[in-house]
Amino acid sequence: MNSNLPYVFSVPTDWSRDFYCDKGPVIPAARPFTLLHEPRAEKAVLLVHGFTGYPGELVRPAEDLYEKGFDCFVPRLPGHGTTGKDFISSGQKDWVGVAENALVDLLGKYKEVSVVGHSMGGAIAALIVSRHPEVKGAVLCCPGIELENMDKKTVRILSVLSLFVKKMKKEWQSDPRYHLHYEGAPKDDEKLGEEYWKFLYPRNIVSLLRIAESAKAGLPDIKARTLIIGAEKDALVVPDSVYTIQKAIGDRAETLLVKDATHYVYYDISQEAEETAVKATVEFLSR
């Protein structure tokens, strides 16, 4: 995180009106943030994080976009970056609603607005951009539209589990090979792991799947120029889904499958993969 940039750790509070209000404290890495020019730029980018993710994951593309003249807005989705209890209490309506409120607000204030979404944020970006043809550009990074290991049988099992089980323990440990860019890294990564990544949340996964389904249905309605970035080593999203998404959107869409990249390409193990994804994002939206 570049301390010389004008970070403000907030976004407009009315973006979250009518949606779940978190009870737990926000972990520093998960603070929403803005990077604004003075005077205000004519172009803005809304950046949307993923499932169990947090705004700090998007520091790198936000900083590079700011340096290219964009005002950048990175909200925190309800239930994320606080506690597992908050996560259980939030869902599809809250996550999509906050992102769409943000987009509508920015469209009323800026000459040009683009959207960047990572993982579930990529699916949310696709969904809200499909509803707002005035959006200038979109970057869907490892978009959670076609998920690995989610066949019909697994989905049925999760749907039933979600009625009876709030969360289930699973194995997780931090991986120091990733390049975390937020202030105070990697300490907050351990906190997030204890609250989120050491568990499976069936009800929330069902919400994720519903977002994916809605996003997929809306792809033909996307009017914005769109870049779909995939990761060659993605274990969560089907890497080749970039091509089916491109086909659904049509000639307004371009694809990039990043070599040696994992799902977390904006702060990846491979510095070269990270640079490729960030550079592609900035250059695409700067055209």
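**Surface patch and pockets of the predicted model**

Leu163 is exposed, with a relative accessible area of 64%; the cut-off for an exposed residue is over 50%, so Leu163 falls in that class. The structure described here is a predicted model. Leu163 is located in the loop that runs between helix 5 and strand 7 (168–169). Together with Val160 and Phe164, Leu163 makes up a nonpolar patch on the surface. The accessible area of Val160, Leu163 and Phe164 together is about 370 Å².

The largest pocket holds about 1100 Å³ of space. Its lining consists of 43 residues, of which Thr52, Lys170, Trp197, Leu236 and Tyr264 are the closest to the centre of the pocket. Two or more lining residues are given by each of helix 5 (152–161), helix 6 (187–197), strand 8 (199–200) and helix 7 (202–218). Helix 6 provides the largest share of this lining, with 3 residues. Sorted by class, the lining of the largest pocket comprises 23 nonpolar, 12 polar and 8 charged residues.

The second largest pocket contains about 300 Å³ of space. It is lined by 17 residues, and those closest to its centre are Val11, Thr13, Ser16, Pro32 and Arg76. In the lining of this second largest pocket, 11 residues are nonpolar, 4 are polar and 2 are charged.

Definitions and conventions: Residues numbered from 1 in each chain as written. Predicted model: local features only at pLDDT ≥ 70, side-chain atom pairs only at ≥ 80, totals over all residues. Heavy atoms only, no water. 1 Å grid on protein atoms, 1.4 Å probe; cavity = no way out; pocket = protein on both sides within 12 Å on 5 of 7 lines; lining within 4 Å. Points joined across faces, edges and corners; volume = space filled by probe spheres on them. Helix = DSSP H or I, 4+ residues; strand = E, 2+ residues; numbered from the N terminus. Nonpolar A, V, L, I, M, F, W, Y, C, P; charged D, E, K, R; others polar. Patch = residues over 30% accessible without salt bridge, like charges linked within 9 Å, V, L, I, M, F, W, Y side chains within 5 Å. Areas by Shrake-Rupley, 256 points an atom, 1.4 Å probe, with all protein chains shown as cover. Salt bridge = Lys/Arg side-chain N within 4 Å of Asp/Glu carboxyl O. Buried < 20%, exposed > 50% of the residue type's maximum accessible area, 1.4 Å probe, protein only.
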